Amino acid sequence: MFFGNRKPFWGIDIGSGSLKGVRLHRKGKGFELVDAAIFEFNDENMPLNECISALLGKNLHKVRAAIHFSGRVSPEVQTLTLPVMPKKELIEAVHWEARKWSTLPPEEMVVDFTIMAEQEEEGVKQYEIVVVVVERAALEEQLQAISASGLNITAVDLAPMALLNTARLYYEDALPESLLYVDMGAQKMEINIVKNGVIRFTRQVALGGDVITHAISRSSTLSLPEAEGRKRKEGIPLDGLSRSAMLEQVDRFIVEIQRSVDYYRAQSRESGIDKILLMGGTPMLGGFLEYFKGFFDATVELDDSFSKTPCDDPGISMLLEMSPRFSMAVGLALRKG
């Protein structure tokens, strides 16, 4: 289910603070943006099926979509190198390997994989494979929460894979040799490194833009909703207590990314990162990108995949300015299969 199935019509990002949806159509060698929508959570206790209906409307039984796994238990992801073999044997081999490193009992595992590349070493053809293991109960729980809306879920993807689709679109398929792409949401951060088109490192950190909102609230007399509004409107101020409080939290993001790069380099013995692509709402804060760049030697860019998908609909033109917030949804809408 993770890497197969039909190409979905909608890509839907189920975030902790909002839902984002994107619909794309292929046009020539590229894509055009047909539709985009966003629904901000005003009530954190609002059922997910009602949120989806608020995003896309009612009568969703014929609406096909891809979502990303966002269960309560983080997925386990590994990159494997296996000899080229018939599909049936490959499936068995992947499941056998997954049982070696997964922390889940076999009966609780959902295992899937995708072939990222095929190479030949010393005359032996090999597959570069990304394998994912998720907890069956967590996946079923997520799907059950969505099913009440009537939405037809045709595929469930992983965040690293969906975001890699977005990176390919942004760089027009000419990916940097070594790319770090990071999605910073409201409550978590997805850190991924791809080398020569193959995912080599992926890590999820329970750290998101909400910590900056709380820092603003603590350093002022603002409520959390007021602090969130100021954060989005004003970004990082030039001076004052709020600046110090915000930068203290931004530094946490930077440290976690630096730790991830250091670990990747130590494990892979690679020299470094060529480019960094930032995704999600947090890097959109005024002053964030400029501050962040000062801590890395690699070129740092802010995702703007909507710039690669022409759109003539004035009804969604204002959403084009939020392009980085839609990185996940774009990647899901681009999903192959």
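Helices here are DSSP runs of H or I with at least four residues, strands are E runs of at least two, and both are numbered from the N terminus. This is a predicted model, where local features need pLDDT of at least 70 and side-chain atom pairs pLDDT 80 or more, while totals for chains, interfaces and linings use all residues. Residues are numbered from 1 along each chain as its sequence is written, and side-chain values use heavy atoms, leaving out hydrogens and water.

Now look at the axes of α5 and α6: they come within 8 Å and cross at roughly 110 degrees (lines fitted to C-alpha atoms over the stretch in contact, with angles from 0 to 180 degrees between N-to-C directions). That makes α5 roughly perpendicular to α6 (65 to 115 degrees; under 35 is roughly parallel, over 145 roughly antiparallel, the rest oblique). To see the contact (heavy atoms within 4.5 Å), select D210, I212, T213, H214, I216 and S217 of α5 with L224, A227, E228, R230 and K231 of α6.

Pick V211, I212, A215, I216 and R218 on α5, then A245, M246, Q249, V250, R252 and F253 on α7.

Last stop: the largest pocket, with a volume of about 1600 Å³ (a pocket is an open set of points on a 1 Å grid over the protein atoms alone, where a 1.4 Å probe fits, with protein on both sides within 12 Å along at least five of seven lines; lining residues have an atom within 4 Å of a point). Points join across faces, edges and corners, and the volume is the space filled by probe spheres set on them. Of its 48 lining residues, G15, S16, G17, S18 and A186 are closest to the centre. Which element gives the most to the lining? Select α6, which gives five residues.
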